[in-house]
Each structure stands twice: as C-alpha cells, then as structure tokens.
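Let me put the structure up and then I'll talk you through it.

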Amino acid sequence: PKAIEQLILNGFKGTIFIPEDRVGFTDGNFEYDDQINWEEAALKSASTIVFWVPRELEKMPAFTTNIEFGYWIAKDPGKIVFGSPIDAPKMNYLRFYCEKLGIPNFYSMEETLIRASMRSN
C-alpha cells in the first residue's frame, strides 16, 4: 500500500500490477502455477518493472525475486528500476549487475518509485 500511495503521489500514469491477492490466499483455492502465470504475463506487459527488495532473510528472503531479476536482466534490462535498503543483506551481486548494465539502482523505496514514475510520464 505504501508503494502504491507513493506512485500516485509521484503522478504515475500507468497500470500497477500487484502480485498479491487482495484478500490473501486463505480461501483454499490458491493455485501456485496460476500465480506464476499471472505474474509472468504482468511482467511481460509492463513497461517498467520495479524490484524493491527489502530482503529480510528470516521473514522475506526474496529468493524468487532473484530468479525474476536474473530473467529480466537477460531479457530486457531497460525495463528495470531496482532498489533495496542500504543495509539489506546479500544484495551485492544484484547491485553489481545493476551497475554493469546501467539499471537505475536506489537505496530507498521513495527514490526507486520516483524513477519508476518518471517513466510513465
């Protein structure tokens, strides 16, 4: 919700794809393959892909995000805007490729989303 609010405040003009069910996956009808297919379709249709990786190894390690990031740096790095807190662990490898490929790379969610918003205007 904070990211959506920030995008709107920044004047973002596009569509926001959010890879989470509005009510959560508590109804027992969650199909993992359906989620993956939905996310893949959304990423393909997006003009900008924001990777915000707070990476908390105990609660949210973001290992799947590493796979998605690797896929998109190979497929279309120009679509990516990347960010993570400066103290997020295990980020040096991802940041290395941001630098190498000229991918915008930030240390705050606000800066990351400002750059993403600029691409929609």
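Predicted model: local features only at pLDDT ≥ 70, side-chain atom pairs only at ≥ 80, totals over all residues.

The largest pocket comes out at a volume of about 2000 Å³. There are 50 residues lining that pocket, and the closest to its centre are F17, I18, P19, E20 and V50.

Which elements build that lining? You get at least two residues each from α1, which is 2–9, α2 at 32–45, β1 at 49–52, α3 at 63–75 and α5 at 109–118. The largest share is from α2, with 9 residues.

Is E39 buried or exposed? With a relative accessibility of 18%, E39 counts as buried, because the cut-off for buried is under 20%. Leaving aside residues up to four places away in sequence, E39 touches P19 and E68. P19, remember, is one of the residues closest to the centre of the largest pocket. As for E68, it is 29 residues from E39 in sequence, and the C-alpha to C-alpha distance between the two is 10.0 Å.

Okay, on to the sheet. We have 3 strands in an open sheet, ordered β1-β2-β3, with parallel pairing. The edges are β1 and β3, the latter being 105–106, and each has a single partner strand, so one side of each has no neighbour in the sheet.

Let's take the pairs one by one. Between β1 and β2 there are 4 bridges, in the parallel sense. In that pair, F51 has F82 of β2 as its bridge partner, and W52 is opposite G83, also in β2. Between β2 and β3 there are 2 bridges, parallel again, and here F82 stands opposite N105 of β3.

Now the side chains. As a general point, a regular strand has its side chains alternating between the two faces of the sheet.

Generally speaking, nonpolar side chains in soluble globular proteins tend to be buried together. In our model the largest nonpolar core has 16 residues, and the ones that touch the most other members are F51, F69, I80, F82 and I103. At least two core residues each come from β1, α3, β2, which is 80–83, and α4 at 92–101. The largest share, 3 residues, is from α3.

Which residues does F69 touch? Not counting residues up to four places away in sequence, you'll find F51, I80, F82, L94, C98 and I103.

A74 is 27 residues away from L101 in sequence, and the pair is 10.0 Å apart in space, C-alpha to C-alpha.

Most residues other than glycine have a negative phi. Two residues here go the other way. R55 has a phi near 35 degrees, which is positive, and it isn't a glycine. A62 has a positive phi too, near 65 degrees, and isn't a glycine either. Where are they? R55 is in the loop between β1 and α3, and A62 is in the loop between β1 and α3 as well. How accessible are these two? R55 is at 2% relative accessibility, so it counts as buried. A62 is buried as well, with a relative accessible area of 13%.

That's what I had, so over to you.

Technical notes:
Residues numbered from 1 in each chain as written. Heavy atoms only, no water. 1 Å grid on protein atoms, 1.4 Å probe; cavity = no way out; pocket = protein on both sides within 12 Å on 5 of 7 lines; lining within 4 Å. Points joined across faces, edges and corners; volume = space filled by probe spheres on them. Core = buried A, V, L, I, M, F, W, Y, C linked by side-chain atoms within 4.5 Å. Buried < 20%, exposed > 50% of the residue type's maximum accessible area, 1.4 Å probe, protein only. Contact = heavy atoms within 4.5 Å. Pairing = 2+ DSSP bridges.
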